[in-house]
Amino acid sequence: MLRKLFMLFGLVELIAPDPVLRACQRIAFTNPEQAKLHSRANRLTRIEGATLAWLLFRGRERSPVVSRIFEAAGALMVVYPSPLIRFGQSFACENPSELELQSWVTPAARLLGVLYLVVVFVSGSESESESTS
């Protein structure tokens with residue numbers, strides 16, 4: 001069930017990145033109306049959605065590179081989220097210095113890192129149980 005939920009979210013990011021980006025803006029910034037998104041923000045969101053769905057569809061064993069990327073990003077977000085927050089902000093927005101982050105963005109980034117690690121774990125659970133049957 002969790003695997004399907006994550007896969008659905010990945011497909012939503014792939015197909016309709018704009019609502020996801022707008023929701024992230026509203027949640028992350030105290031002044032979201034001032035955010036000017038780069039066009040590449042859509043591409044990054046679609047890439048994240050595609051790789052998320054790919055990993056969950058194919059499984060950890062058949063997608064080792066994608067699995068390692070999610071593991072590394074998840075671990076980094078859990079331990080040291082600041083560089084990824086800054087990267088995401090500067091990659092997605094034309095005016096990152098004008099935007100004020102909510103106080104809870106760092107804990108939320110850590111939670112996202114945990115979710116990435118959960119995705120990697122769940123991506124192996126179903127395919128491993130299928131191969132033993």
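The expected span of a helix is taken as 1.5 Å times one less than its number of residues, and helices here are DSSP runs of H or I with at least four residues, numbered from the N terminus, while strands are runs of E with at least two. The model described is predicted, so local features need a pLDDT of at least 70 and side-chain atom pairs count only at pLDDT 80 or more, whereas totals for chains, interfaces and linings use all residues. Residues are numbered from 1 along each chain as its sequence is written, and side-chain values use heavy atoms, with hydrogens and water left out.

Overall, the protein chain has six helices and zero strands, and its elements run α-α-α-α-α-α from the N terminus on. The radius of gyration, taken over C-alpha atoms, is 16 Å, close to the 14 Å that the globule rule gives for 133 residues, so the chain is as compact as a globular protein of that length; the rule itself is 2.2 Å times the number of residues to the power 0.38. Along the principal axes, the C-alpha atoms fill a box of roughly 55 × 30 × 25 Å. Of the 133 residues, 32% are buried, where buried means under 20% relative accessible area, exposed means over 50%, and partly exposed lies in between (1.4 Å probe, protein chains only). Among contacts (heavy atoms within 4.5 Å) with a separation of 6 or more, 78% link residues 24 or more positions apart.

Helix H4 covers residues 64-79. Its 16 residues reach 22 Å from the first C-alpha to the last, close to the 22 Å expected. Val-66, Ser-67, Phe-70, Gly-74 and Met-77 are the buried residues of H4. Seen down the helix axis, these fall within an arc of 100 degrees, so they line one face of H4; the arc is that of the directions from the helix axis to the C-beta atoms. The face turned away from this buried side carries Val-65, Arg-68, Ile-69 and Val-79, which are exposed. An α-helix has 3.6 residues a turn, so residues three or four places apart point the same way.

Helix H3 shows a face of its own. With 19 residues it should span 27 Å, and its end C-alpha atoms are 26 Å apart, which agrees. The buried residues in H3 are Ala-41, Thr-45, Gly-49, Leu-52, Ala-53, Leu-55 and Leu-56. They fall within an arc of 160 degrees when seen down the axis, so they too line one face of the helix. On the other side of H3, the exposed residues are Arg-43, Ile-47 and Phe-57. Just after this helix comes Gly-59, with a positive phi of about 95 degrees.

Ser-123 sits in helix H6 (residues 105-132) and is buried, at 0% relative accessibility. Ser-123 and Arg-62 lie 61 residues apart in sequence, with their C-alpha atoms 10.0 Å apart in space.

Two loop residues are also buried. Asn-31, in the loop between helix H2 (17-28) and helix H3 (40-58), has 7% relative accessibility and counts as buried. Its side chain reaches the backbone oxygen of Glu-98 at 2.9 Å, which is a polar contact, that is, a pair of N or O atoms within 3.5 Å; within protein, one must be able to donate a hydrogen and the other to accept it, and residues adjacent in sequence count only if both atoms are side-chain atoms. Beyond residues up to four places away in sequence, Asn-31 touches Glu-98, Leu-99 and Glu-100. Pro-81, in the loop between H4 and helix H5 (82-92), is buried at 3% relative accessibility. From Pro-81 to Arg-110 the C-alpha distance is 6.3 Å, across 29 residues of sequence.

Finally, the cysteines. A search of the whole structure finds zero disulfides, a disulfide being a pair of cysteine sulfur atoms within 2.5 Å. For Cys-24, the nearest cysteine sulfur is that of Cys-93, 10 Å away. Cys-24 is partly exposed, at 44% relative accessibility, whereas Cys-93 is buried, at 3%.
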